[in-house]
Amino acid sequence: MLVIDGDSFAHRSYHALPKTIQRKGGKGAGAIVGFANALLRLYDAEQPRAVLVGWDTLDVSTERYEKFPGYQGGREFDDALIEQLDILPEFVAACGFANAKAPGYEADDFLAAAVAVEEQRRGRVLVASGDRDTFQLASEASTILFPVRAGEMARIGPAQVWERYGVDPKQVPDFIAPDFIALRGDPSDKIPGARGVGPKGAADLLRRYGNLDAVLAAGHFPSQAEALRLYRSIATMNASSAIPALSDQTPTWSRAADLARRWGLNHLADRLAQRAARSAR
């Protein structure tokens, strides 16, 4: 199964492609076209049995923000990007794939839930995201597809997590990554981490003690213990998030082509129509 962080790829596309890409009514379309390109590349390369795209809900506060108001502080998005994010799930559905989006949850939570469901049925999962937080989902059954340059994805499993951060691969499936983020911090989400501890220091502590609780029990960071536990909870994905049923899917390229045509994205519509024609043979 292929699980995609929709916001991650939409944001990357919006900032990478010219703002002159528009659809009918003079509205922006760079994020839509770029996301569609990424989705089609991933589908062609991996041929998954099903696709789920997770989305943030930007206009509703999350539980993480309620716990820690500094979480993701200072983020501002262009109106043109927000407008495209609002309608991109419609494109995903037109392709015959599933969306997961709900107030108070982030895309990462739905990725974690999908991984948990698929691993329970002994399936294999590919998680496509440009967010390193998803490395906590790496296991023998789940691989992260992490964009490194245009059109190219690095495949991140437990061994690659160890190579990058020095965290034992056996610890990765046990969700040691949130402990790592709590200690190291995460500038992109404005999580401070332990004072004076960077990636190497965090990895050294986890190799020595195994997890954050053991680090604190050994007497490290006594004045920061409560904050570090909070940072860990914020960094932990919510695998109990509700997701739609993930039965096998058959792409509906012709519906997607019709939608792209209505939006005035004729080049994308032509490509999708060609796919539909090939599938019908």
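Q: Leaving aside neighbours within four places in sequence, what is Leu-268 in contact with?
A: Three residues: Ala-36, Phe-91 and Ala-260. Keep in mind that this is a predicted model.

Q: Which helix does Leu-268 lie in?
A: Helix α12.

Q: Is Leu-268 buried or exposed?
A: Buried. Its relative accessible area is 4%, and the cut-off for buried is under 20%.

Q: How far apart are the C-alpha atoms of Leu-268 and Asn-37?
A: They are separated by 8.6 Å. Along the chain, the two residues are 231 apart.

Q: How many salt bridges does the structure hold?
A: It holds 13.

Q: Which residue does Arg-23 form a salt bridge with?
A: Glu-83. The closest N and O atoms are 2.3 Å apart. This pair links distant parts of the chain: Arg-23 is in strand β2, residues 22–23, and Glu-83 is in helix α4, residues 79–94. They sit 60 residues apart.

Q: And their exposure? Where do Arg-23 and Glu-83 fall?
A: Arg-23 is buried, with a relative accessible area of 9%. Glu-83 has 25% relative accessibility and counts as partly exposed.

Q: What about Lys-200 and Asp-204, how far is it from N to O?
A: It is 3.0 Å, and the side chains meet in a salt bridge. Both residues are in helix α8, residues 199–209. They are four residues apart, so about one helical turn separates them.

Q: Is Lys-200 buried or exposed?
A: Exposed, with a relative accessible area of 62%.

Q: Which residues are linked in a network of salt bridges?
A: Arg-49, Glu-118, Arg-121 and Asp-248.

Q: Switching to Asp-7. What is the nearest side chain of opposite charge?
A: Lys-101, at 6.9 Å. Asp-7 is buried yet has no salt bridge. A salt bridge needs the nitrogen and the carboxyl oxygen within 4 Å.

Q: Where is Asp-7, and what is it in contact with?
A: Asp-7 is in helix α1, residues 6–16. Neighbours within four places aside, it is in contact with Gly-54, Trp-55, Asp-56, Leu-85 and Ala-107.

Q: Now the sheet. What is the strand order?
A: It runs β5-β4-β1-β6-β7-β8. The sheet is open, has six strands and shows mixed pairing. The edge strands are β5, residues 98–100, and β8, residues 152–156, each pairing on one side only. On average, neighbouring strands are turned by 25° against each other, direction ignored.

Q: Which strands does helix α2 touch?
A: It packs on the sheet and touches β1, β4, β6, β7 and β8. The helix covers residues 30–46, and its direction makes about 160° with that of β1.

Q: In what sense do β7 and β8 pair?
A: Antiparallel, over five bridges. β7 covers residues 142–149. The two strands form a hairpin with two residues between them. Gly-151 in the turn has a positive phi of about 80°.

Q: Which residues stand opposite Pro-147 and Leu-145?
A: Pro-147 stands opposite Met-153 in β8. Leu-145 stands opposite Arg-155, also in β8.

Q: Big picture now. How many helices and strands does the protein have?
A: It has 12 helices and eight strands. Of its 281 residues, 51% are buried.

Q: What does the accessible surface come to?
A: About 13,300 Å². Carbon and sulfur atoms account for 50% of that.

Q: And contacts between residues at least 6 apart in sequence? What percentage join residues at least 24 apart?
A: That figure is 67%.

Key: Residues are numbered from 1 along each chain as its sequence is written. This is a predicted model: local features need pLDDT of at least 70, side-chain atom pairs count only at pLDDT 80 or more; totals for chains, interfaces and linings use all residues. Side-chain values use heavy atoms; hydrogens and water are left out. Two strands pair if DSSP finds at least two bridges between them. Axes are lines fitted to C-alpha atoms, for helices over the stretch in contact, and angles run from 0 to 180 degrees between N-to-C directions. Contact means heavy atoms within 4.5 Å. Buried means under 20% relative accessible area, exposed over 50%, partly exposed in between (1.4 Å probe, protein chains only). Lys and Arg count as positive and Asp and Glu as negative; His and the chain ends are not counted. Accessible areas come from the Shrake-Rupley method with a 1.4 Å probe; for residues, only the protein chains shown count as cover.
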